[in-house]
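User: Could you walk me through this model, one question at a time?

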Amino acid sequence: LRWWSEQGCRMVDMTCELHDECAAGSQFVTHLTGRVLARLGLRPTPINTKGFDSLLQLVENTCKDSFDLFFALYKYNPNSAQQLKDIEDAMGELSKELRDGLAGGG
């Protein structure tokens with residue numbers, strides 16, 4: 001473990017279950033978001049905001065990794081399926097609010 005620390009990695013002591021929960025809520029969500037945005041074919045515009053530039057960078061960073069890595073984050077983490085369902089549900093709720101013209105939702 002010392003070698004990892006010498007490489008600049010911060011070791012965090014946690015259970016396997018907590019690791020999987022954290023990874024699904026961070027790594028899987030990050031890669032899923034990047035892959036979804038990539039499918040939209042987003043391109044820089046003359047009026048980019050810093051937030052949009054961050055999204056473009058997210059696409060670039062996540063799509064540099066193989067699809068196999070992304071799939072492994074899903075397949076081998078028991079929390080990723082629920083995370084995917086939660087994202088699908090949230091997207092559905094937001095879409096409905098927009099389509100129904102609900103102001104001040106959430």
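Analyst: Happy to! This is a predicted model, in which local features need pLDDT of at least 70 and side-chain atom pairs count only at pLDDT 80 or more, while totals for chains, interfaces and linings use all residues. Residues are numbered from 1 along each chain as its sequence is written, and side-chain values use heavy atoms, with hydrogens and water left out.

User: How many helices and strands does the chain have?

Analyst: Helices (H or I, at least four residues) and strands (E, at least two) are DSSP runs, numbered from the N terminus. Read from that end, the elements run α-α-α-α-α. The count is therefore five helices and zero strands.

User: Is the chain compact or spread out, going by its radius of gyration?

Analyst: The C-alpha trace spans about 55 × 35 × 25 Å along its principal axes. The radius of gyration is taken over C-alpha atoms, and the globule rule is 2.2 Å times the number of residues to the power 0.38. For 106 residues that rule gives 13 Å, and the chain is well over it, so it is more spread out than a compact globule, with a radius of gyration of 17 Å.

User: Where does α2 bend?

Analyst: Helix α2 covers residues 16-39 and reaches 32 Å from its first C-alpha to its last, close to the expected 34 Å (1.5 Å times one less than its number of residues). The bend at a residue is the angle between axes fitted to the seven residues ending there and the seven starting there. In α2 that angle is about 40°, at Ala 23.

User: Is Asn 77 buried or exposed, and which residues does Asn 77 touch?

Analyst: Asn 77 sits in the loop between α4 and α5, and its 8% relative accessibility is why it counts as buried. A polar atom of its side chain lies 2.8 Å from the backbone nitrogen of Asn 79. Taking contact as heavy atoms within 4.5 Å, and not counting residues up to four places away in sequence, Asn 77 touches Asp 20, Ala 23, Ala 24 and Ala 72.

Definitions and conventions: Buried < 20%, exposed > 50% of the residue type's maximum accessible area, 1.4 Å probe, protein only. Polar contact = N/O pair within 3.5 Å; in protein donor to acceptor, adjacent residues only side chain to side chain.
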